[in-house]
Every structure is written in structure tokens, then in C-alpha cells.
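Trainee: I am new to this structure and would like a close look at one part of it. Could you take me through the aromatic rings and describe the setting in which they lie?

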Amino acid sequence: MEGQRTYAIIGGTGMEDLFPQAPMETVSTAYGEAVLYLPQGKNYYFLPRHGKEHHLPPHRINYRANIAALKKMGVVAAFGLCAVGSLREELRPGTFALISDFLDFTKSRPTTFFDGEGGQVRHLDVSEVYSEAMNASFERHWGHPLPRAVYVATEGPRFETASENRFYASIGGDLVGMTNVPEAPLALEAGIRYSCLAHIINYGTGIHQKVTIEKSQDLPRIVPTLDGVFAQKMEPMEAPFL
């Protein structure tokens, strides 16, 4: 089965230990090492982006090593899982949304594989960062439609202020988090199809009077749903550079 792993799940906060018994493999890349897990009987790798013990804050994650490791291992499609805050009353804590686009307010992290080293500069077409085909497949296996949402990526690890959240909402942001950039555009640069399921666990600061955490009771449904998504064959893609 290990030789047939062409997909990956990238787990976020609260979803680092989906496969507690899975053996581990360390993959070396030009950007550093990444730790992948090999769930038994599955056709995908599992990569907990914060580390299995949640020891990496968002701004210290080696996103390039993670994506480069998946590419090195032959992954053609990856589904991210992330915990987010909501900027919209109708996107309630304890529910899910599929990400359709992002706004990038990160500050210090490398965001591309093509930063000029060796004379390589490439410009990425981000018309469809998140695979709508994968989003639709997730919905079919989930059993009902999920809202699409624009993800606002902030640097972290602090939460956003009420003034920041009012601004993010005013320019079209729906959800706020700290990890999906640069993960999503790096996957696109690597030619890996990518989608992300957002687990809404709270309203952002200023949206309600108090920030409280509420987890969905449907978390156990995620892995079986992704089993269905990854049961269909997906071909490698060319990165959409202009």
C-alpha cells in the first residue's frame, strides 16, 4: 500500500492525531525535513502541520519542506484541515466550510519556491487555488452542501484584534486563520491539487462579546469522507504559471 500513496491529508489544530497508530517517515527536502505518517490501509499520507504534539506555532511551520516532501513522495492531491474563527454571524462555531479563496496578511514566512535563487522567478496564476472539483467531491461524500468561504491568513500566534477583524470582514473575508497561506499556494506551485476544510471553532474577536471554543460533533466523519474523495483517481497537474 505504501507505494500507492498518491494523496495526503494535512491536519491542523485539534486534528493532529487522526491516526495515532500510523508509522512515521521522515522525508528530507532542499528546504528541511518533514514528518509524514502512513495510515494503515489508506492510499494517502497524513501530515500534521503543527507536529503531532502541536509544538510548532503557525509562523514557525516549515511549509516549503512539508509541500516539497509530499511532492517528492508522489502526492498529486492534498486536502487540508484547519481550525478557524468566523467573521460572519451566519458561519457559526461548530460547523464547517470549504475554502474558496484567501486574503494574505502574513508577514515573515516564505511564500514561494521561486524566490530568485538560481535565477528562478515564476509568477503563479491563482485563479483557482482551491480545487472546486475536490470541494464538490467532498460535499458528495459528506452528504450535503457546505458553504464556501474566503480565508484571511494572519501571522499569529496571537489572535486578531476586533479592529482587524472588522477590516477583514469589510474587504470580503469570511474566516480567519493562521496557516493556509502559504500552504495552499505552495501546493499549487508544486502541481498538487489542493482543497481545505475549515472547522469553525469560534467567532473572531469583536464579532461576539466573548471568544469561546465550540467543536463540531461531526469531526469523526472527516476521515471517512476523505476516504471517499481519495477513492477516485486524480491525475497529476501542471502548476499554472503565467
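Mentor: A charge is said to sit over a ring if NZ of Lys or CZ of Arg is within 6 Å of the ring centre and within 35 degrees of the ring normal. By that rule, the charged end of Arg221 sits over the ring of Trp142, at 4.0 Å from its centre. Arg5 likewise lies over the face of Tyr45, here 5.9 Å from the ring centre.

Before going further, please note that this is a predicted model, in which local features need pLDDT of at least 70 and side-chain atom pairs count only at pLDDT 80 or more, while totals for chains, interfaces and linings use all residues. Residues are numbered from 1 along each chain as its sequence is written, and side-chain values use heavy atoms, with hydrogens and water left out.

Now to the rings themselves. A pair of aromatic rings is described by the distance of the centres and the angle of the planes. Rings of Phe, Tyr and Trp (its six-membered ring) pair if their centres lie within 6.5 Å; planes under 30 degrees apart count as stacked, over 60 as edge-to-face and the rest as tilted. Helices (H or I, at least four residues) and strands (E, at least two) are DSSP runs, numbered from the N terminus. Tyr44 and Phe230 are both buried, where buried means under 20% relative accessible area, exposed over 50% and partly exposed in between (1.4 Å probe, protein chains only).

A further tilted pair is formed by Tyr130 and Tyr194, with 6.0 Å from centre to centre and 50° between the planes. This pair too links distant parts of the chain: Tyr130 is in the loop between strand E6 (95-105) and helix H2 (132-142), Tyr194 is in strand E9 (residues 193-203), and 64 residues separate them. Tyr130 and Tyr194 are buried as well.

Ring pairs also build a cluster, which links Tyr7, Phe19, Tyr44, Phe46 and Phe230. Tyr7 leads us to strand E1 (residues 7-11), where five of the five residues are buried. On one side of E1 point Tyr7, Ile9 and Gly11, and on the other Ala8 and Ile10. Strands pair if DSSP finds at least two bridges between them. E1 and E4 pair in the parallel sense over five bridges, and Gly11 has Pro48 as its bridge partner in E4. E1 also runs parallel to strand E5 (residues 77-86), to which four bridges join it; there Ile9 stands opposite Phe79.

A nonpolar core is a set of buried Ala, Val, Leu, Ile, Met, Phe, Trp, Tyr and Cys residues joined through side-chain atoms within 4.5 Å. The largest such core has 43 residues, and the members that touch the most others are Ile67, Leu70, Tyr130, Leu175, Ile192 and Tyr194. Contact means heavy atoms within 4.5 Å. Leaving out residues up to four places away in sequence, Ile67 touches Ile10, Phe113, Glu183, Leu186, Ala187, Ala190 and Ile192. A second core, separate and of 25 residues, includes Phe79, Phe96, Ile222 and Val229.

Among the residues touched by Ile67 are Glu183, Leu186 and Ala187, which are also listed among the buried residues of helix H4. In H4 (residues 180-189), ten of the ten residues are buried. Those buried residues pack against E1, helix H1 (63-72), E5, E6, strand E7 (148-154) and E9. Just after H4, Gly191 takes a positive phi of about 75°.

As for the whole, the protein has five helices and nine strands. Of its 242 residues, 52% count as buried. Among contacts with a separation of 6 or more, 82% come from residues 24 or more positions apart.
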